[in-house]
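Morning, everyone. Let me put the model up, and then we'll walk through a few spots.

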Amino acid sequence: MGVVVVQLGQGGNQMGYALFRCLASMSNSLPDEFFRSSPNKKETKARAVLIDMEPKVIHGIIRRPKYPSVQGNRADWTYNAHGLVTGDSGSGNNWARGYYDHGPQSLDSMMKAIRTEVEHCDVCGGFIILQSMAGGTGAGLGAYLVEALKDEFPSSFILSYSICPYESGEIIVQNYNVLLTLSHLQSFADGIIIVQNEQLSTICRTLLSIQRPSFDDLNELAVQALGCVLLPSHWRTVEPNSQPTFKAFSKSSSESEQTIATSGQSSVRLLSDLLSSLCFHPGYKMLTLRFTPQVPAQSLDFTNFTWDAQLKYLRQMLITGAYKELEMDWNIKLPTASGHDYRQRIFSSSAPHLMNRSVASLLILRGSGSDCVGVSDFADDRLYPIWQVDPLSVASCSSSYGRYELAASLLTNCQSSVYPVSRALTKGYNMLASKAYLYQYFEHGMEYASFESAFASVEDIVSRYSSL
Ligand SMILES: Nc1nc2c(ncn2[C@@H]2O[C@H](COP(=O)(O)OP(=O)(O)OP(=O)(O)O)[C@@H](O)[C@H]2O)c(=O)[nH]1
Ligand SMILES: [Mg+2]
């Protein structure tokens, strides 16, 4: 089973490079899902396609060291030279240029590189798309490519990992680009992990003691959480001592049935298991990723971590929608009343940010004891809508996660994923009302109606989540 990673634009390529380094360093061997032997068996290649319309970033990445800089596994890997797709110049933060010009012009070369990678998988488990939503290439060309991928591989899962820009506004038209991208992802991707530069930067500064975090710092932090989800793990039950009741989606494959029969544990199949457990409803595809522990690398060897403490942090993050351990509001508690009374609206003006409701959660635990630690608190039905009967999936792996003796990622389909989107929508509508910068988009063939329909589709997403 292989998963093809498509790195798009500057942010997507730099994040992808960090992801492969993380996957290579955090486990004892290079995982087959993301690495393959080259045809001459002499090298190991990342299952990746690198796309950017300006060549500089990609040329920089392929020259950077591939083994991890941290101690541990130095297993070498490279990118496949035939998996690079570049043009003469970028899209200048113009979504329409990426979508309407570069998209059709580069489609053949992008699909050729992707088909080659798919052919190298015995079974293709789907695609992970890495992109920034604020620029022109990752966002506009990325939206075009996701549509084309869904068209050519309709039964393959597509998970997008999409970077939200700093909200202070590095790029004047970033809100347009975010909204246009998201409306396309909502239609053609199966799950959308939103990662916010603002949050990554705050964690780097306040918890990791990095005063002026670089993109490399942000990316390293972000992929730690993603790698924890993507490396091999197996399903476990919510209550460690209860009878295994494996999920229906795992039971369907003969491979999984065999694993259950022989060992009582079924491996998590990327990406189908992840997405079927979290994004089973087409109206809810927005995912947030949280990770613990959050400590500077230099403190790892001197800190004692316990499952109880780490899971307590993670659960409070789930309840409050917070993303970091520091300054978390411990006063927010699950209400005790039953029925609809306790369903306080996180979006309501009278009771803002009271509770973060989720559609479903996936908890991945790595480290000794991860098979038997109790996690039923994460399945509390007060965290989920009334119609959700099986809200929590849990996977574990008893090996440590790189230098982390224990680590946990929580991937949640929850309301907090749409906070930044909701803010971008307000700002985007304000700009649209004054028709600001629209001529840049019209020059590349985009029409006003496309803005209106994209904004309306994002408005639908926000309103669905707000009424959970
Ligand atoms: N986390 C993170 N964000 C990045 C990185 N590089 C750029 N960004 C963010 O991405 C946005 C800009 O998008 P880019 O990825 O540079 O744009 P692009 O896709 O290359 O598109 P064009 O340059 O317009 O062709 C800004 O919000 C940046 O903060 C990175 O390595 N990591
Ligand atoms: Mg660029």
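Phenylalanine 20 and tyrosine 79: buried or exposed? Phenylalanine 20 is buried, and tyrosine 79 is too. Buried means under 20% relative accessible area, exposed over 50%, partly exposed in between, with a 1.4 Å probe and protein chains only.

Some ground rules. This is a predicted model: local features need pLDDT of at least 70, side-chain atom pairs count only at pLDDT 80 or more, and totals for chains, interfaces and linings use all residues. Residues are numbered from 1 along each chain as its sequence is written, chains are lettered from A and ligands numbered from 1 in the order written, and side-chain values use heavy atoms, without hydrogens and water.

Now the rings. Phe, Tyr and Trp (its six-membered ring) pair if their centres lie within 6.5 Å; planes under 30 degrees apart count as stacked, over 60 as edge-to-face, the rest as tilted. That rule gives 21 aromatic pairs. Phenylalanine 20 lies in helix H1 (residues 9-26) and tyrosine 79 in the loop between helix H2 (55-63) and strand S5 (84-86), so the pair ties together parts 59 residues apart in sequence. Helices (H or I, at least four residues) and strands (E, at least two) are DSSP runs, numbered from the N terminus.

Next, leucine 159. Leucine 159 sits in strand S7 (residues 158-164). Leucine 159 is buried, at 4% relative accessible area. Beyond its neighbours within four places in sequence, its contacts (heavy atoms within 4.5 Å) include Phe127, Ile192 and Leu271.
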